[in-house]
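This report concerns the aromatic rings of one protein model and the charged groups placed over them.

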Amino acid sequence: LADRPVRLWVRGLRPGQAVTLRASLTDEQGEEFQARAFFHANQEGEVDPQCQPALGGSYSGVWPMGLFWSLQPNSLFRRLIKRDVAGSPFRVLLQGFDGVQLGTEPRDRPLASCEAERWYVGPGVQRVPVKEGRVRGALFLPP
């Protein structure tokens, strides 16, 4: 679910290797959002945003979910909003690149990639529209 933390780490790197981690998604209107963070692999050749600080990019410091909360639109004046909360997830593409990738489009092939589905409503949850006077909303009932 979208409110649950995601554990992300990269293994098999050279100690001290510069790495860019990138998250991207396309919203329901076709707008692309992305974030990136730069890291140096530790002595074991790993990057773990839960323990290691991002050295720059969309954020800096130790933020385990930094790639998710720092997603920004490629176009100005757009906001990341999930309208169809029950019917489909956000699909976040996570990629790791060798070196520092500054552009919005990566110039190299990723070292590794995976996709995370971020659902806003769990299985069996029922969404009931609410319209009472001037009040509008939705009631979510557990299974």
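The text below treats ring pairs, their surroundings and charges over rings.

The model is predicted: local features require pLDDT of at least 70, side-chain atom pairs count only at pLDDT 80 or more, and totals for chains, interfaces and linings use all residues. Residues are numbered from 1 along each chain as its sequence is written, and side-chain values use heavy atoms, with hydrogens and water left out.

A search of the whole structure finds three aromatic pairs. Rings of Phe, Tyr and Trp (its six-membered ring) pair if their centres lie within 6.5 Å; planes under 30 degrees apart count as stacked, over 60 as edge-to-face and the rest as tilted. Two of the pairs are tabulated.

| Pair | Centre to centre | Angle between planes | Class |
|---|---|---|---|
| Tryptophan 63 and tryptophan 69 | 5.6 Å | 85° | edge-to-face |
| Phenylalanine 90 and tyrosine 120 | 6.0 Å | 80° | edge-to-face |

Ring pairs also link Tyr59, Trp63 and Trp69 into a cluster.

Phenylalanine 90 belongs to strand 4 (residues 90-98), whereas tyrosine 120 is in the loop between strand 5 (112-118) and strand 6 (126-132), so their pair ties together parts that are 30 residues apart in sequence. Strands are DSSP runs (E, at least two residues), numbered from the N terminus.

Phenylalanine 90 is buried, at 5% relative accessible area, while tyrosine 120 is partly exposed at 42%. Tryptophan 63 is also partly exposed, at 43%. Buried means under 20% relative accessible area, exposed over 50%, and partly exposed in between (1.4 Å probe, protein chains only).

The charged end of lysine 82 sits over the ring of phenylalanine 90, 5.1 Å from its centre. Arginine 118 lies over the face of phenylalanine 68, 5.2 Å from the ring centre. The criterion is NZ of Lys or CZ of Arg within 6 Å of the ring centre and within 35 degrees of the ring normal.

Methods: Helix = DSSP H or I, 4+ residues; strand = E, 2+ residues; numbered from the N terminus.
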